[in-house]
Amino acid sequence: MARGLVYNAHPGDRFSHVNAALFQAARDIDGISTLDLYRAYPRFNIDIDAEQQRLRDHDVIVFQHPLFWYSTPALIKEWLDLVLEHGFAYGTGGEALHGKSLLQVLSAAGPEDAYSPEGYQHFKLREFLTPMEQTARLCGMRYLAPYPLYGALHAREDGRLDPHLAGYRALLEALCDDRLDLDGAARAEILSAATLPLPARV
């Protein structure tokens, strides 16, 4: 069984429309460890040794966050800068993360068709996430396609949040049970509740 670690990073979580529900869904799954980064490190004083040990102890690392200015919230960037040290995550002797998987679960305010060359964001969502994908590669990790919720501000009233949460639970359970086709998940553009690369249950 794989061991999963979900980092929640939402600087305004009390105003969150969907991330609080996503984080609760992750906390309810056996085999998943969770940490709310903004609650753990409100002043950005990251415990590097503790975080590196968390990474050693888990096989799948999940960053759950809203899309902020086409990137992650600031604390994730600070976490990456401090925790992924030379000699630990990359470089000479830096093999602690080799063979692990990295997944981003994110909420985006814009609709799906906005994230295309023809849409008002002008780029595919996956293109905005390229720095995280390359970070994973540099660290010897497999970058899995992101699991996004588009139009997040209206997802609950539109009836899209519950199916998305069900898909998230299925994704995390499959990761823990080693049922997710990791190569298929890495090749996909994005993951969704309807397109998880799972084998048929027998």
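The structure is a predicted model. Among its features are helices α3 and α4, whose axes come within 10 Å and cross at roughly 90°. A search of the whole structure also finds 9 salt bridges, and strand β1 is mostly covered. Here is a friendly tour, topic by topic.

**Where α3 meets α4**

- Helix α3 spans residues 48-57 and helix α4 spans residues 74-83; their axes come within 10 Å of each other, with a crossing angle of roughly 90°.
- That angle makes α3 roughly perpendicular to α4, because angles of 65 to 115 degrees count as such.
- On the α3 side, the contact is made by Ile48, Glu51, Gln52 and Leu55.
- On the α4 side, Trp79, Leu82 and Val83 take part.
- Sorted by class, the contact of α3 with α4 has 5 nonpolar residues, along with 1 polar and 1 charged.

- Asp81 and Lys77 form a salt bridge, and their closest N and O atoms are 2.8 Å apart.
- Both residues belong to helix α4; because they are 4 residues apart there, about one helical turn separates them.

- Helix α6 covers residues 130-138 and holds both Glu133 and Arg137, which sit 4 residues apart, about one turn of the helix.
- The side chains of Glu133 and Arg137 meet in a salt bridge, at 3.2 Å from N to O.
- Which residues join in a network here? Arg126, Glu133 and Arg137 are linked by salt bridges.
- Setting aside neighbours within four places in sequence, Glu133 is in contact with Arg126 and Tyr143.

- Asp158 pairs with Arg160 in a salt bridge, with the closest N and O atoms 3.5 Å apart.
- Arg160 counts as partly exposed, at 32% relative accessibility.

- How are the faces of β1 covered? Gly4, Val6 and Asn8 are buried on one side, and Leu5 and Tyr7 are buried on the other.
- β1 pairs with strand β2 (residues 32-36) in the parallel sense, over 5 bridges.
- Within this pairing, Tyr7 stands opposite Leu35 in β2.

**Ser33, on strand β2**

- Ser33 lies in strand β2 and is partly exposed, with a relative accessible area of 30%.
- Ser33 and Gly4 are 29 residues apart along the chain, and their C-alpha atoms are separated by 6.2 Å.
- Not counting residues up to four places away in sequence, Ser33 touches Gly4, Leu5, Val6 and His58.

**Ser101, on strand β4**

- Ser101 has its place in strand β4.
- Ser101 is buried, with a relative accessible area of 2%.
- Which residues does Ser101 touch, not counting those up to four places away in sequence? They are Asp59, Val60, Ile61, Met141, Arg142, Leu144 and Leu182.

**Ala108, in a loop**

- Ala108 is found in the loop between β4 (101-107) and α5 (125-128).
- Although in a loop, Ala108 is buried, and its relative accessible area is 1%.
- Leaving aside neighbours within four places in sequence, Ala108 is in contact with Leu67, Tyr115, Leu149, Tyr150, Gly151 and Ala152.
- Ala108 and Asp162 are 54 residues apart in sequence, and their C-alpha atoms are 16 Å apart in space.

Conventions
Residues numbered from 1 in each chain as written. Predicted model: local features only at pLDDT ≥ 70, side-chain atom pairs only at ≥ 80, totals over all residues. Heavy atoms only, no water. Axes fitted to C-alpha atoms, helices over the stretch in contact; angles between N-to-C directions. Helix = DSSP H or I, 4+ residues; strand = E, 2+ residues; numbered from the N terminus. Parallel < 35°, antiparallel > 145°, perpendicular 65-115°, else oblique. Contact = heavy atoms within 4.5 Å. Nonpolar A, V, L, I, M, F, W, Y, C, P; charged D, E, K, R; others polar. Salt bridge = Lys/Arg side-chain N within 4 Å of Asp/Glu carboxyl O. Buried < 20%, exposed > 50% of the residue type's maximum accessible area, 1.4 Å probe, protein only. Pairing = 2+ DSSP bridges.
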